[in-house]
Amino acid sequence: MNRTTLSLIAAATALAAVTGFASLSAPADADATAAGTVARLPVERTSQLCPAPSVSDVAETTYTSVTPTGKGGADSEPAADAGGSAELRESTVTLAEPGGTDDDKKEDDKKEEEKQDDAAKGSASEGKPFVTLKEPGTPVSAESSGANSPALVGTATGRLAPGWTTQQTTTVSVGGARGLLGMTCTAPDTDFWFPGASTERSRQDYVHLTNPDDTVAIADIELYGPDGALKSETGEGIPVPARSSVPVLLSTLTGEAAPNVTVHVSTRAGRVGAAVRAADEAGGSDWLTASGTPAGSVVLPGIPADATDVRLVVLATGSADADLKVQLATPDGTITPAGHESLHVKSQMTAALELGDITKGEPGSLVLTPSGSAAPVVAALRVVRGKGEKREIAFIPATAPIASRATVADNRAKGSTLSLTAPGAAAKVKVTSSPGTEGGEATVETYDVKARSTLAVTPKAPAGLKGAYALTVEPESGGPVHAARTLALPEDGIAMFTVQTLPDDRGTVSVPRAEEDLSVLDNGK
């Protein structure tokens, strides 16, 4: 009698490839990978969430979606005949119903979960297709206009999953929400930090919570100001219905008006995508996306050369204070800004540092390192271009280095600037410009980034470009590289712009290499 058994290692390998639940570029994996005991496989499924883009009737939004080609750090490319799909669908936008903090709220949450579980089995679980990607390497786009543009929820599978990226770009030409709002649609998670928000009267900041799943998610929102947590009785237990998006106005969560606030979003049930749409009555609007995982050292790449005002906002997330050294990585090396050499951040308090026109006509990136014992922090920059009535804001959150590959979509024939920062050793980076959404041929350029510097380049557009294209960045050698893309679309004398950082696309997972995938035991036959 023969008995066939699948090895536990092989089972873990398959599970990691499908779910993405595996270590990504962890230091412990480096030696294992070199020794051949760890395999890097392309993920087989990934999700994206795009919040409702605007409340303005004159908003014009473009969605550009792409999956890059190549291995992206995996041991091999996805098979050409592996199949797969990538599609973003419309989801429902509902008003927030924040709950209290008393014990009765638990029963309300339970009832809401039961209600949404039932709803998820019906029409709430399926929305109308909005963006559909057909093949890797060639981006597609879709457009929407007005205040009723939907939030989008989507999934990619098979060969379209590794590195799948969607850019949401909105232009609002007039009104209090005027500006160029851009963001890379987010992956669902259970924990987010947003330094750089505000609850003061001149700002209208909404945190958008989007649920990709078929059951209700329950989210908590905490606000941290310069003296610690802001008092709030309505930020706990916010239900986010199945496949729906909920915008929450931050100033309704607290009676305290604070110009610099860090928002902490976490979930007690389910998972969400989260982003903050910030509108400044005197400076336009843009999306504030989440800071990278709290760390002792962080990099904020891509400050434009013509920035007129820069503000750094930092929160120490742990129980220890953080003492940080502040440096600017310029094209010629790293410098310490005069008068802004350091920043002390108290535990679980938000600190701000006004840096003014720190770049002085040259592009740069901010590098924060501990001056003593390291304490985890999150950070973001509020960046202003222009002056007076021509002011326009954007945000740059701290971002991790690119482990293998990162992609940003919706680059135009004019207006894109790519910033590459090497905070340590020099690095060599490959940049691929994809074909356009309506035609063109991909081009590849290689750039050398000097040690402890920032290189800002105008990327080479695809040959025969028609439409918008994507940029894929892949470090080839040298030290860590952090990247950001600035998209500038001036209008009526206003320097409208938005900045997207490029974290690693998490297109691969590291799993134990199966030496024997299948064991056949011969029981005497």
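**Entry 1: the model**

I am working with a predicted model. I keep that in mind for every value below.

**Entry 2: the sheet**

I looked up an open sheet of 4 strands. Its order reads β34-β30-β37-β38. The pairing is antiparallel. Which strands form the edges? I found β34 (453–457) and β38 (497–501) there, each pairing on one side only. I then checked how the neighbours are turned. On average, neighbouring strands of this sheet are at 20° to each other, direction ignored. A reminder to myself: strands of a sheet pair through backbone hydrogen bonds, parallel or antiparallel.

**Entry 3: β37 and its partners**

Next I followed β37, residues 482–488. How many bridges does β37 make with β30? I read 6 bridges to β30 (residues 416–422), in the antiparallel sense. I noted two residue pairs here. Ser419 stands opposite Ala484. Ser416 has Leu487 as its bridge partner.

I turned to β38. There, 5 bridges join β38 to β37, again antiparallel.

**Entry 4: cover on β37**

Is β37 mostly covered or mostly open? I found it mostly covered, with 7 of its 7 residues buried. In a regular strand the side chains alternate between the two faces of the sheet. One side holds His482, Ala484, Thr486 and Ala488. The other holds Ala483, Arg485 and Leu487. Both faces are covered, and I list Arg485 among the buried residues.

**Entry 5: the disulfide**

I searched the whole structure for disulfides and got 1. It joins Cys50 and Cys185, with the sulfur atoms 2.0 Å apart. Such a link is a covalent bond between the sulfur atoms of two cysteines.

Where do the two cysteines sit? Cys50 is in strand β3 (residues 45–50). Cys185 is in the loop between β10 (179–184) and β11 (191–197). The two are 135 residues apart, and the pair links distant parts of the chain. I also checked their cover: Cys50 is buried, and Cys185 is buried too.

Last, I looked at handedness. The torsion about the S-S bond of Cys50 and Cys185 is about 110°, so this disulfide is right-handed.

Methods:
Residues numbered from 1 in each chain as written. Predicted model: local features only at pLDDT ≥ 70, side-chain atom pairs only at ≥ 80, totals over all residues. Heavy atoms only, no water. Pairing = 2+ DSSP bridges. Axes fitted to C-alpha atoms, helices over the stretch in contact; angles between N-to-C directions. Disulfide = S-S within 2.5 Å. Buried < 20%, exposed > 50% of the residue type's maximum accessible area, 1.4 Å probe, protein only.
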